[in-house]
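Subject: Structure to look through

Dear colleague,

Here is the structure I promised to pass on to you. Please open it beside this message, so that you can follow each part as you read.

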Amino acid sequence: MTTNQHWMQRDLDSLWHPCTQMKDHEWLPVIPIRHGKGLWLEDFEGQRYLDAVSSWWVNIFGHANETINARLKAQLDSLEHVILSGFTHAPVIELSERLGRIAPAGLGHCFYADNGSSATEVAMKMSFHYWQNKGQPDKQTFVSLQNGYHGETLGALSVSHVGLYRDTYKPLLLEVEAIPSPDCYGLPEDQWEAHSRAMFEHMEAKLARDHDNIAAVIIEPLVQCAGGMRMYHPIYLRLLREACDRYNVHVIFDEIAVGFGRTGTLFACEQADVSPDYLCLSKALTGGYLPLSVVMTTDDIYKAFYDDYATMKAFLHSHSYTGNPLACAAALATLDIFERDDVIERNKALSAHMRLRSRELLDHPHVGDVRQHGMIVAIEMVRDKETLEPFPFEERRGLKVYQHALSRGALLRPLGNVIYWMPPYIIEKHDIDFLAEVTREGLEIATA
């Protein structure tokens, strides 16, 4: 038994992996990783893999980043954790102040949790509770988009509409209407704005009809990531903000996956020059080091909960590891790197090269669409290029790309028929060239 096989067997004897049919691992090896540095992951036998998906979209500055390592080591010697109810600490205060300075205007207070799904839950409960505190108890429902995804706890799953994750649990979920998505799949980019405007009519009609009962609308700005990296134009965000202001409905922007530079700006909603009532952040917040999430909200919402104890208006929501000092230290180091290295500007050249190389794949007979927002590229495999008829999911074409990429030393983990690049921001142009080469090879194998 090789070293890798030794760890594989121990894994299969004791673990249940997320988002996995474990029976697959009877023939599809789980990859044990011994070491990570920069873009690269290395297994126990020295095989390296370029982490083209940022280890589930979190690791934006590479593995074992020296700046984040140093900040964590220093924090470890002073304070590892403390209850955040009645106590506080320097890293969480400093992080809240810095987020307040860089976030869209008006978001003056931070409420912490420890994962993206929990952030969604916090925002939903906070919006519901706000309207109760303001004497509008009928505002109890939520609205979201078809193909949207906001997490897998029951509240978050209620506002998600990707059947793969949701359908089994439907009897447990809240009733939430899904509005048709502004998804611009298959359209040339010069038609994205007009299409997104037209699709907003569905949301406008819903708000006009039911606003007295709606607490909030929740959406993923610009990219529906888990829904196959489907994308749309920023105008939709502006129209939503304007309509929700007219109808007295909250806006929740779920930037858990798209925040911190992923779409080309620090926050995706900057591209529409709008601010939400609640901004949910996680994933890249700590540079991929430790679990942490935050819901940023307005002073007006904060004040609606600020009253004498006996009024019972306080927001009684908590997590044991809320605002963990180590996670906050990692987040502070991540923000340091953004400032020091002018990351957003550097990413412009990288995203331009990603665009150049990915667009070359449009000539493939089974590529129906190549789309991009900033540092996210999606290549959609189709059975028929003219009609965009998809390959049946049972054929698992994306899995064939995944297997080929591993054999070439790259971690690509397609979403069904969608191959995507979502690499750390330390990637170089020659690494992008390598990914383009591996992707084309994978396409040939998967669609043969």
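Predicted model: local features only at pLDDT ≥ 70, side-chain atom pairs only at ≥ 80, totals over all residues.

Helices and strands here are DSSP runs, at least four residues long for a helix (H or I) and at least two for a strand (E), and they are numbered from the N terminus. Thr168 has a relative accessibility of 64%, and because anything over 50% is called exposed, Thr168 counts as exposed. Thr168 is 202 residues away from Val370 in sequence, and the C-alpha atoms of the two are 31 Å apart in space.

Helix α8 (residues 192-210) and helix α9 (residues 235-247) have their axes 9 Å apart and meet at an angle of about 20 degrees. Since angles under 35 degrees count as roughly parallel, α8 is described as roughly parallel to α9. The crossing in which α8 passes α9 is right-handed. On the side of α8, the residues in contact include Met199, Phe200, Met203 and Leu207, while among those of α9 are Ile235, Leu239, Leu240 and Ala243. Sorted by class, this contact of α8 with α9 holds 12 nonpolar, one polar and four charged residues.

A pair of aromatic rings is described by how far apart the centres are and by the angle of the planes. The count comes to 14 aromatic pairs. In one of them, the ring centres of Phe61 and Phe338 are 5.1 Å apart and the planes stand at 70 degrees, so this pair is edge-to-face. Phe61 sits in the loop between α2 (54-57) and α3 (66-76), whereas Phe338 belongs to helix α11 (residues 325-341), so that the pair links parts of the chain 277 residues apart. Both Phe61 and Phe338 are buried.

Phe111 and Phe315 also form an edge-to-face pair, with 5.2 Å from centre to centre and 75 degrees between the planes. Here Phe111 lies in strand β4 (residues 107-113) and Phe315 in the loop between α10 (299-303) and α11, and the two are 204 residues apart. Phe111 is partly exposed, with a relative accessible area of 24%, whereas Phe315, at 15% relative accessibility, counts as buried.

Finally, which residues form one aromatic cluster? They are Phe61, Phe260, Phe267, Phe338 and Tyr425.

Key. Residues numbered from 1 in each chain as written. Heavy atoms only, no water. Axes fitted to C-alpha atoms, helices over the stretch in contact; angles between N-to-C directions. Parallel < 35°, antiparallel > 145°, perpendicular 65-115°, else oblique. Left-handed = near helix turned anticlockwise from the far one by under 90°. Contact = heavy atoms within 4.5 Å. Nonpolar A, V, L, I, M, F, W, Y, C, P; charged D, E, K, R; others polar. Phe/Tyr/Trp six-rings, centres within 6.5 Å; stacked < 30°, edge-to-face > 60°. Buried < 20%, exposed > 50% of the residue type's maximum accessible area, 1.4 Å probe, protein only.
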